[in-house]
Amino acid sequence: MASSIGIMDSAYFVGRNEILSWINERLRLNLSRIEEAASGAVQCQLMDMTYPGVVPMHKVNFDAKTEYDMIQNYKVLQEVFNKLKIEKHIEVTRLVKGRPLDNLELLQWLKRYCDSVNGGIINECYNPVERRDRGGRDRNHRSSKTNMTNNTGSGNTVSSNRTSGAKQFRSSGAAGGVNSSAEIQALSKEITELKLANDVLEKERDFYFGKLRDIEILCQTPEVEDTPASIAIKKILYADDPDESALDEAQSFLDQTINAAKAEAEIED
């Protein structure tokens, strides 16, 4: 199912208002912007709603604000996909930036997928608020136990760590200072170049996606919707096999239509 949701699938033309209404209704939330779901917690609970108990909700952090915490949520989501054998790659580095388009695309895909399971029927026994609260309590409880263990075990080693750390710093600080400065500059330059290249690619993607959308809208107008050319174009737009080109099928359809029209014209003559 996951692999059949192509980029031109109708799922990707669901508006953000409909997506937000769907999320708020299903999870009893009050989101007003797509970016508010960038932490990955909402996506995790949508899968928990679809497959109750599959998502370890105690690992999902609805209060995630930093990219690190958000990444942990997406790791949980990817693990759930792997467990369910869902072939869907998550573009974590883009999603945690809070960019509306990237987050909208994932949520559109999730809505399409969740609606396809059990016909989109909601499990009436599922309580989203209770699941969030219970997951938060379990996470806090586990965190408290971990902190108590770490504090107890580390008390005797504080002084020795401070002494050895000071010695290491004095011996390596002078030698590493020059090298680290040059490495930081080189890495900063590389990061800047990668960001520029990424921005160019994203603008190019959005440009061509807009063109495809314009073509689809044109083909859906009543005056030309049923013409052979529009039908052939839609065969290409809605093809869901990424490994095969739909051009041959569309061309074959056009040839058959044209030949049939010629044959009909000759009979009339």
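Reader: How much space lies in the second largest pocket?
Author: Happy to start there; please keep in mind that this is a predicted model. The lining of this pocket includes E91, K97 and D199. The space in the second largest pocket comes to about 220 Å³.

Reader: Which element gives the most to the lining of that second largest pocket?
Author: Two elements give two or more residues to the lining, namely α4 (92–95) and α7 (158–219). With three residues, the one that gives the most is α7.

Reader: How many residues of that lining are nonpolar, polar and charged?
Author: Let's look at who is there: E91, T93, R94, K97, R99, K195, N198 and D199. Sorted by type, the lining has no nonpolar residues, two polar and six charged.

Reader: K97 is in that list, so which residue does K97 form a salt bridge with?
Author: K97 sits in the loop between α4 and α5, and its partner is in helix α3, so the pair ties together parts 30 residues apart in sequence. The closest N and O atoms are 3.2 Å apart, and the partner is E67.

Reader: Are D48 and R131, which also meet in a salt bridge, buried or exposed?
Author: Their side chains meet at 2.8 Å, N to O. D48 belongs to helix α2 and R131 to helix α6 (residues 128–154), so you can find them in distant parts of the chain, 83 residues apart.

Reader: Which element gives the most to the largest nonpolar core?
Author: This core has 40 residues, and I23, L46, M47, V55 and F81 touch the most other members. At least two residues each come from α1 (16–27), α2 (41–50), α3 (67–83) and α5 (100–116). The one that gives the most, with seven residues, is α5.

Reader: Which residues does F81 touch, not counting those up to four places away in sequence?
Author: F81 is one of the core residues that touch the most other members. Beyond its sequence neighbours, F81 touches M47, I86, K88, I90, W109 and L110.

Reader: Is N24 buried or exposed?
Author: You will find N24 in helix α1. Leaving aside neighbours within four places in sequence, N24 is in contact with L29, N30 and L31. Its relative accessible area is 17%, and buried means under 20%, so N24 counts as buried.

Conventions
Residues are numbered from 1 along each chain as its sequence is written. This is a predicted model: local features need pLDDT of at least 70, side-chain atom pairs count only at pLDDT 80 or more; totals for chains, interfaces and linings use all residues. Side-chain values use heavy atoms; hydrogens and water are left out. On a 1 Å grid over the protein atoms alone, a cavity is a set of points where a 1.4 Å probe fits but cannot get out, and a pocket is an open set with protein on both sides within 12 Å along at least five of seven lines; lining residues have an atom within 4 Å of a point. Grid points are joined across faces, edges and corners, and a volume is the space filled by probe spheres set on the points. Helices (H or I, at least four residues) and strands (E, at least two) are DSSP runs, numbered from the N terminus. Ala, Val, Leu, Ile, Met, Phe, Trp, Tyr, Cys and Pro count as nonpolar, Asp, Glu, Lys and Arg as charged, and the others, Gly among them, as polar. A nonpolar core is a set of buried Ala, Val, Leu, Ile, Met, Phe, Trp, Tyr and Cys residues joined through side-chain atoms within 4.5 Å. Buried means under 20% relative accessible area, exposed over 50%, partly exposed in between (1.4 Å probe, protein chains only). Contact means heavy atoms within 4.5 Å. A salt bridge is a side-chain nitrogen of Lys or Arg within 4 Å of a carboxyl oxygen of Asp or Glu.
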